[in-house]
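Here is a short report for a reader meeting this protein for the first time. Please look over the sequence and the model before reading on.

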Amino acid sequence: MAEINEGKSFVHHCGHANTNTVMHLSTSDITNSNFSQVNGIIHNFTFVQTHGCICGAFDASDCILERMVAIDNFAAAVIGNSRYGWFNEGQTEGPAAHLHREMVDALYEEEMGRIGAAFVECKIQTAPWVNAPGQHEEGALRWNFYDINILGDPTLQLWTDEPFTVNTFFTAPILVGSTFMNVSVNNNGVPVEGLSCTLTKDGIMHGTSVTDVNGEAIILIDPPITSTGTAQLTISGYNCLTTTYNIAVTPAAGPFIIYEEHTLDDNAGGNANGLPDYGEDILMTVNLHNAGAADAINVTATLSTESDLINITDGDGEYGTIIAGLSAGILNDFAFEIDEYVPDQEIIDFLLDISDDGKESWTDAFNIILNAPVLETGLMVIDDVTGGNGDGFLDPGETATLTIGVLNNGHADAFNAEATLNTASSWLSITSNSFALGDLLQGINSYAIFEVSVDEDTPIGTMAVFSFNVTSGAYNASEDYGTIIGVLVEDWESAGFTTFNWQFAADAPWEISTSEPYEGIYCARSGDINDNQESELFLYTEVLADGDMSFYHKLSSEAEWDFLRFYIDYTLMGEWSGELDWEMVSYPVTQDFHTFRWVYEKDSYTSSGEDCAWVDFIVFPPVDIATGIIHHNNDEGDFTINISPNPARSNLNIAYTLGFSTEVEIVIYDLLGHKIMDVMTNTQHQEGEYNLQLDVSGIRSGIYLCRISTLEGMLSMKLVIQ
């Protein structure tokens, strides 16, 4: 996938496939976002040919090759099998291989640029082998001959080298009733042989010819062109950038006036860039050309448009006499106003009604493209390094900076932009809800910055929603951003398994990996295991309130046999296999103690891909991160804790009973797992009952956990301080 996104234009695949898998990709992988770089702009589209079976089964509901050409990005065309591809075991020969080689030969050696013609040629050249004796599997080649197909436009031209541009010379205008047309084509002065020259008008082909060794062609016009207007001459061919020319078709006698070109002047009424931008007053010069055989006397033209975005303030132009074969225009003879709000790249069609003293009249048309801003909002980034704990999330009692990106993705600058941020949450306060962005230049990122404070009594797990809006004149963009207050995340950026008390089981421990993490630098990767083995990562913890748990996973394994499985309390919640890129899943979790398990499990034979799984960016519901070890199996009464009064205001009593001799540690945590107070540190105790008086007047109101830990295990109790 990464190499295709780097611009690989021809993908040759020799391997197994199925209706929904090919080249280690599954149907779910074939998305515009996964292939964002091969969009015809950043990199050109891709062409794929595969030997794999059934991946081109167009009679299936959604086969993978169909998906490749159906989405906006990725493949312009594919060649593949609707049933079996066939190969000769232990050989580089075989039905699919033979057809594939002949296809490449047709493209590169025989220089057949159109995919359909090259495909026909590959079958013609393969045909003598269909009934050849001694085939590895009799009839297989004939079968493959019929079940291999192109999914795409058969007239599509494939470039096998950097395409070249052409310079074309031809007789213009074309007179009504002409029987032929001379064309000469070169590339940087060198004649080009073998290019198609095709003449069309109003959707009808009137003739075609191929350039000779001197780059010359004679197009015989049949059927003849019988009406005036505009014809198209199209030059195309092997590794040639297809080029189309508009040619006037004029009567054999008399004048014939057509639109030639226009220029725009926005020096006084706009930004003086010569382009039609929103809100501008434009002066326009329109040049007309006499393509006829006689002079046109006292030519006048009237400009009109059906667009509501344009107000024509001067639509009449006077040209005087336009001599046959020449052009004329009056500087800034037309004027119009562009509306304050127009869609970017809106095409405006103008109509010219032209007449002369000889009572002749002509109609021609042209268009302009309007430019306007397109405002887009980006990500919201939380910075709580100065006013919080620096974890990049909003927590109770913190003050954080919210930075939101803004991009002008249009074709005109946006001026005096203003951003606002609002929230309906009573737990949040925004210091100033407006930010002056200034001018938003085309293609330049800008950032709106706001300061937000979170009430210290905000319940853990509260959803905070911010409404963001950016405005510049008549243009605006808005977005709602949501985040959980008090969220806990494991993203492995500690470069280890230390943030939580992670445990390993089965045949190999998980590892920290820097190989293409979902975010940041690190992610977790399953350990190296053999067939019939497992690699397990698990965490035992207390969930303090009902919520959702989400994480991202990635996989490279033998499809349908080797799995990443996720369990909650040994209940299977989800399983995945094959070649999968990063994907987020989420599961509801109830308040209680839970064990979360990620297990990579292999079957008895065969490995595929990198043979492992990755996990990253785990978002927990409210949990007690200090409970991340398994409690010992307490006999009833051996180990107890009680707190009174609870809720407490200033002083409380911690009563605990030990049925054994041990070291004792007592710590108070908040609900995010942050240590608030060390009450007792590794103090030796004998078996017995104990009472401890504690002053909590210095701890702000809220809900906490009191944790007593021994060498045998630990117990936690909820503590409320008012």
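Lys-554 and Glu-516 form a salt bridge, with their closest N and O atoms 3.7 Å apart. Lys-554 belongs to strand β39, while Glu-516 sits in the loop between β36 (511-513) and β37 (523-525), so the pair ties together parts that are 38 residues apart in sequence. A salt bridge here is a side-chain nitrogen of Lys or Arg within 4 Å of a carboxyl oxygen of Asp or Glu. Strands (E, at least two residues) are DSSP runs, numbered from the N terminus.

The two partners differ in cover. Lys-554 is buried, at 7% relative accessible area. Glu-516 is exposed, at 56%. Buried means under 20% relative accessible area, exposed means over 50%, and partly exposed lies in between (1.4 Å probe, protein chains only).

## About the model

The model is predicted: local features need pLDDT of at least 70, side-chain atom pairs count only at pLDDT 80 or more, and totals for chains, interfaces and linings use all residues. Residues are numbered from 1 along each chain as its sequence is written, and side-chain values use heavy atoms, with hydrogens and water left out.

## Domains

The protein is divided into domain 1 (1-152), domain 2 (167-250), domain 3 (257-370), domain 4 (375-483), domain 5 (488-620) and domain 6 (640-721). These bounds come from an automatic or database domain assignment. The C-alpha centres of domain 2 and domain 3 lie 29 Å apart.

## Strand β39 and its partners

Strand β39 covers residues 547-556. Eight of its 10 residues are buried. Nine bridges join β39 to strand β42 (residues 579-589), and the two run antiparallel. Six bridges join β39 to strand β44 (residues 612-620), again antiparallel. Two strands pair if DSSP finds at least two bridges between them.

His-553 has a partner on both strands. In β44, the bridge partner of His-553 is Val-615.

How many salt bridges does the structure hold? There are 13. One of them joins the side chains of Glu-601 and Arg-565 (2.8 Å, N to O). Glu-601 lies in strand β43 (residues 592-601) and Arg-565 in strand β40 (residues 563-568), so this pair links parts that are 36 residues apart in sequence. Glu-601 is buried at 15% relative accessibility. Arg-565 is buried too, at 18%. Salt bridges that share partners also join Asp-531, Asp-562, Lys-602 and Asp-611 into one network.

Glu-93 and Arg-101 meet in a salt bridge as well (3.1 Å, N to O). Glu-93 is partly exposed, at 27% relative accessibility. Arg-101 is partly exposed, at 43%.

## An open sheet

Four strands form an open sheet in the order β21-β19-β24-β25, with antiparallel pairing. At the edges stand β21 (316-322) and β25 (361-369), each with a single partner strand, so one side of each has no neighbour in the sheet. Nine bridges join β24 (residues 347-355) to β25. Leu-352 has Asp-364 in β25 as its bridge partner.

## A nonpolar patch

Phe-180, Ile-218 and Leu-220 make a nonpolar surface patch of about 330 Å². Patches are made of residues with over 30% relative accessible area and no salt bridge: like charges are joined within 9 Å, nonpolar side chains (Val, Leu, Ile, Met, Phe, Trp, Tyr) within 5 Å. Accessible areas come from the Shrake-Rupley method with a 1.4 Å probe; for residues, only the protein chains shown count as cover. Phe-180 is found in strand β10 (residues 180-187). Phe-180 is partly exposed, with a relative accessible area of 48%.
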